[in-house]
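I opened this entry to look up how the chains of the model are arranged and where they meet. My notes follow in the order in which I looked.

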There are 2 protein chains.
Amino acid sequence: MKIELSPIGYVKNNRFSMEDDFWGEVLSEIVLAENISTNALEGIENFSHLEVIFYMDKVEDSKAVAQCRHPRNDLKLPKVGTFAQRNKNRPNKLGLTTAVLLARNHRTLLVKNLDAINGTPVLDIKPVMKEFQVQGEIKQPLWTQTVMKNYWESKK
Amino acid sequence: MKIELSPIGYVKNNRFSMEDDFWGEVLSEIVLAENISTNALEGIENFSHLEVIFYMDKVEDSKAVAQCRHPRNDLKLPKVGTFAQRNKNRPNKLGLTTAVLLARNHRTLLVKNLDAINGTPVLDIKPVMKEFQVQGEIKQPLWTQTVMKNYWESKK
């Protein structure tokens, strides 16, 4: 089964290469693709947060595979499967982040906390609702602390 | 730009038609696709929650468009754009839900709170980490209360 998708928009920001950390201060614009009608954003300004699904097109096909590896190739961390980590080398190359919506201007959304590089195709945008948030406690293994240490930090 | 994706798994449950509400008690299995290696799930059992991106293949192509409409066609609710609501009729037919991981059994995940019907292709699974959760207050418009009223309720 093959599934064909098209971008509904593109990311514009000042991150031009794939790097893991320091996404804290990055501001991004999401600009609607030409074939998407402007009114698809109607009312989006009444939400504070958006879930953005994007396509990490710069990931090499040969690396977009399901496997089991040390996160960030750090041998001190346990080997875990692709679906037990969020690294970019994964089948379908899908990225997913909850971004903060700062402003809407016609066909452009200004967001922060979006960890996608400049030019990344966006596949969907969904408004965050409390009813879809995690209820109860989140459990996650200790190794995630190492990986996330500088992720949302600001670049010095 | 066309993007071609393949399912990494499929949903198995007892919901056979597209209905909006009463997802509260639904248990689902996600079974890996044949071409995906089992070790891609290694260590996933150490997470409590998973973000599941799925492809709502039963949505008609003619309805998978960006537009502006009353949520659930309820004329009492304000018209809002496709990207300001989470309804299934959207470009790329992507669904996204945070599910509770109950158990892993070899190539199968048992989850609850997954609002996808039986047979739905799964495109990606990402573990939930606190560091990717919303920081600060979530703001959302009043109409969402109407839409979400019975969403996670149990079927009587």
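Interface first. I work here from a predicted model, and I began by asking whether the copies meet through the same surface: 100% of the interface residues of chain B are also interface residues in chain A, so the copies do meet through the same surface.

Next I looked up how many residues the contact takes, and I noted 64 residues from chain B and 64 residues from chain A. On chain B, the elements that each supply at least two residues of the side touching chain A are β1 (3-5), β4 (49-55), β6 (80-81), β7 (94-105), β9 (121-127) and α1 (143-148). Of these I marked β9(B), which gives the most to that side of chain B, with six residues. Sorting the residues of the side of chain B that touches chain A by kind, I wrote down 34 nonpolar, 17 polar and 13 charged.

Then the symmetry. I found that chain B can be laid on chain A with an RMSD of 0.0 Å by a turn of 180 degrees, together with a shift of 0.0 Å along the axis. That is the relation of a two-fold axis. Which residue of chain B comes closest to the rotation axis? I noted B:E4, whose C-alpha lies at 2.3 Å from the axis.

Last, the strands. I looked up strand β1 of chain A, residues 3-5, and found that this strand and β1(B) pair in the antiparallel sense over three bridges. Within this pairing I noted that A:L5 stands opposite B:I3 in β1(B).

How values were computed: Residues numbered from 1 in each chain as written. Chains lettered and ligands numbered in written order. Predicted model: local features only at pLDDT ≥ 70, side-chain atom pairs only at ≥ 80, totals over all residues. Least-squares fit on C-alpha atoms with pLDDT ≥ 70 in both. Contact = placed C-beta atoms within 7 Å. Helix = DSSP H or I, 4+ residues; strand = E, 2+ residues; numbered from the N terminus. Nonpolar A, V, L, I, M, F, W, Y, C, P; charged D, E, K, R; others polar. Pairing = 2+ DSSP bridges.
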